[in-house]
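Please look at the structure below. How do its parts get the labels they carry?

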Amino acid sequence: MDRLRIGIIGVGAIATDEVHGHIPNYKALDDVEVVAISDINGRRAQYVADRFDIPQVFTHFREMLSHADVDAVSIATPNFLHSPIAVGCLEQGVHVLVEKPMALTTSEARRMTAAAEASDKVLFVGMNNRFRDDTRALKMMVQQGTLGDVYYAKSGWLRPSSLGKSSSWFTSKAQAGEGPLWDIGLVMLDLSLWMLGFPTVVSVSGAIHVPQQTSKQATHLVNAFDESPYPVEDSATALIRFEGGRSLLLEVSTTSMLSDVDDIYLRLDGTCGAAELHNPEMRKSNEVLRVHGELFGTRMEFAPVLPTSGVPSHQRELRHFVDLCLGREQPVVTPEQGLQGVQVIEAIYRSAELGHAVSLPLDDATAGSEETMQSAEATA
Ligand SMILES: NC(=O)c1ccc[n+]([C@@H]2O[C@H](COP(=O)([O-])OP(=O)(O)OC[C@H]3O[C@@H](n4cnc5c(N)ncnc54)[C@H](O)[C@@H]3O)[C@@H](O)[C@H]2O)c1
């Protein structure tokens with residue numbers, strides 16, 4: 001096969017965005033045809049089909065699988081539907097790109113991995129940040145040993161004043177999992193684990209903060225309380241310990257008052273050097289990546305000139321997924337890595353709830369209930 005027929009399930013923001021969206025980026029590839037879309041919101045689906053000239057429109061993914069003859073799908077629905085829809089597609093012999101998070105429980109993620117193995121189809125988790133020019137450059141430095149043995153990482157995403165309305169699915173426990181830890185927290189966790197080479201996690205200690213409606217409240221927070229109490233956390237922090245003594249400190253906030261723009265960072269400390277990666281809004285564009293080390297016995301610090309391909313990370317990610325499905329590449333993101341991310345986020349919430357560190361793997365009793373899976377399946 002040298003061409004791929006693709007269906008998109010869930011055609012909201014990330015499916016349709018002109019720069020980052022799945023549909024525009026697939027349409028830019030000459031060995032791909034977007035043949036069908038499916039969205040529970042029929043009017044939205046028809047609007048998107050007209051806008052992008054997509055011939056077949058459905059309101060249920062199973063109808064799409066029965067009628068549209070797709071080789072692969074992108075799943076870009078609310079989080080709680082990722083697992084049941086992915087399993088449904090894999091069981092029908094269709095390759096799957098599922099947006100992050102892969103799933104909301106370890107059990108769901110395991111089911112997906114098993115379905116991919118049984119069908120021998122691609123299961124790819126959308127981690128577009130691994131496809132950025134700067135993160136790829138840093139990963140290469142780590143792989144080449146520039147920093148020596150990286151024993152510590154610290155990463156975070158601090159977002160100012162963006163507490164979502166509690167009417168959005170992003171702040172619904174049932175649909176999003178919980179709060180921003182599943183969203184921007186997972187992105188930074190995945191990047192950090194990737195840089196560290198996905199070492200085995202031994203324990204996780206987490207804390208979350210759920211905002212309360214009080215008379216003393218910064219004005220930018222007041223508008224978020226269209227319901228009370230606020231349903232999910234606005235910030236979280238975690239210490240993750242790995243086999244062999246390495247560790248990661250992770251923090252996330254959607255109510256940071258430290259800056260007017262998002263502060264997104266990743267720091268790596270190694271036995272031969274250290275590196276810091278920041279978003280361009282927080283540093284001059286030529287200082288996004290800074291490396292500290294030693295040369296000829298002297299301390300030195302430099303800002304590498306990063307490659308500037310101009311290719312957006314999502315476009316590179318989708319190119320990679322298509323090449324995977326066509327058997328041309330090895331996966332940059334494996335299902336097992338997606339599963340590890342899910343396991344750690346689940347453990348952070350569990351630890352926060354219990355008030356002490358938890359060991360991984362979580363036992364089955366804490367790793368997602370059958371009831372939750374069945375309810376998501378029914379909705380999908
Ligand atoms: N990788 C990234 O950069 C990135 C960015 C944004 C969102 N995301 C992820 O993409 C997913 C979607 O986010 P979004 O911002 O596009 O959300 P959105 O709310 O804009 O879109 C979701 C769409 O799914 C549809 N939908 C709901 N239930 C459905 C069902 N049963 N079958 C088919 N369609 C259904 C909704 O009608 C809506 O059109 C989330 O999981 C999110 O975490 C990833």
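The questions and answers that follow set labels against their definitions.

Q: What kind of model is this, and how are residues numbered?
A: This is a predicted model, in which local features need pLDDT of at least 70, side-chain atom pairs count only at pLDDT 80 or more, and totals for chains, interfaces and linings use all residues. Residues are numbered from 1 along each chain as its sequence is written.

Q: What makes residues 106-119 a helix called α6?
A: Helices are DSSP runs of H or I with at least four residues, and strands are runs of E with at least two, numbered from the N terminus. Helix α6 has 14 residues, so the run meets the helix cut-off.

Q: How do you know that the span of α6 is close to the expected one?
A: The expected span is 1.5 Å times one less than the number of residues. For α6 20 Å is expected, and the helix reaches 20 Å from its first C-alpha to its last.

Q: Which residues of α6 are called buried?
A: A residue is buried if 20 or more other C-beta atoms, placed from the backbone, lie within 10 Å of its own. In α6, Thr-106, Ser-107, Glu-108, Ala-109, Met-112, Ala-115 and Ala-116 are buried.

Q: Why do β4 and β5 count as paired?
A: Two strands pair if DSSP finds at least two bridges between them. Strands β4 (residues 72-75) and β5 (residues 95-99) share four bridges in the parallel sense, so they pair. Ile-75 stands opposite Val-98 in β5.

Q: Why are β3 and β6 called edge strands?
A: The open sheet has the order β3-β2-β1-β4-β5-β6. Strands β3 (56-58) and β6 (123-126) each pair on one side only.

Definitions and conventions. Buried ≥ 20, exposed ≤ 12 C-beta atoms within 10 Å, placed from the backbone.
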